[in-house]
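Hello,

Here is the structure for you to take over. My notes follow it.

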Amino acid sequence: MVTGQRGRPRSFDRDAALDKAMTAFWERGYEATSISDLTASLGISAPSLYAAFGDKRTLFEEVVAVYAGRYGDFAGVALAEEPTARAAVERVLREAAEIYTDPAHPRGCMVLSAAINTTSDEVARALRERRNANLEMFESRIRADVATGALPADTDARVLARYAGAVVAGMSQQARDGASREELGAVAERALLAWPPTGAVRDSA
């Protein structure tokens, strides 16, 4: 007697499934992506999904890790590689304009868009911690420039970091609303006009 197949298919490609799940979450957000949406996207049954990834939240956490490694780490790389905070932020904004409008995947930032209207406290907290970690990286890099005199001594590093984060978040939403790469590039250029003059340390006398 032949019984029904249990668990995930023998040909199951976990990496490919994660890619499909990432697209689903990226397009709809965490809350609006149902288990039926995921099983339809992945082409597997609900029991197979649970067997492979656990529950929806566990799958999402794994998807976020994949997203961060593939698309979301450009800010950290720029902050580590560029010689000044301004140069790093300029690169971050330029790359955000490119990544957030790339037709090869859904628009905007998945971590930012997935957090909208999320009722799961655990998911909301994890995404908030990721966003705050990015702000802390910005702030740390800005403080380093203040310490070396590359930025004015009275620069409010925390506010400037939040300003950069707000511009990035706004660019993500604008991309989802249809803004072009060129339009977001122009936004980035305009945003940089608010940056303190490099090396313009004020005379305290």
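The largest pocket holds about 490 Å³ of space. The model is predicted, so to speak for every value below: local features need pLDDT of at least 70, side-chain atom pairs count only at pLDDT 80 or more, and totals for chains, interfaces and linings use all residues. Residues are numbered from 1 along each chain as its sequence is written, and side-chain values use heavy atoms, without hydrogens and water. A pocket here is an open set of points on a 1 Å grid over the protein atoms alone, where a 1.4 Å probe fits, with protein on both sides within 12 Å along at least five of seven lines. Its lining residues have an atom within 4 Å of a point. Points are joined across faces, edges and corners, and the volume is the space filled by probe spheres set on them.

The largest pocket is lined by 24 residues, and the closest to its centre are Leu112, Arg130, Arg131, Asn134 and Val168. Helix H8 (121–148) gives the most to this lining, with seven residues. H4, H5, H7 and helix H9 (157–176) each supply at least two. Helices are DSSP runs (H or I, at least four residues), numbered from the N terminus.

The arc is taken from the directions from the helix axis to the C-beta atoms. Gly43 follows H2 and has a positive phi, near 75 degrees.

In H3, Ser48, Leu49, Ala52 and Phe53 are buried. They fall within an arc of 100 degrees, so they line one face of the helix. They pack against H1, H2 and H4.

Now the aromatics. Rings of Phe, Tyr and Trp (its six-membered ring) pair if their centres lie within 6.5 Å; planes under 30 degrees apart are stacked, over 60 edge-to-face, the rest tilted. The count is seven aromatic pairs. Phe74 and Tyr100 form an edge-to-face pair, 6.2 Å centre to centre with 75 degrees between the planes. Phe74 lies in H5 (residues 74–81) and Tyr100 in the loop between H6 (85–99) and H7 (110–114), so the pair ties together parts 26 residues apart in sequence. Both Phe74 and Tyr100 are buried.

Phe25, Tyr30 and Phe60 form one aromatic cluster. Lys56 lies over the face of Tyr30, at 4.4 Å from the ring centre. The rule for that is NZ of Lys or CZ of Arg within 6 Å of the ring centre and within 35 degrees of the ring normal.

Best regards

How values were computed:
Buried < 20%, exposed > 50% of the residue type's maximum accessible area, 1.4 Å probe, protein only. Contact = heavy atoms within 4.5 Å.
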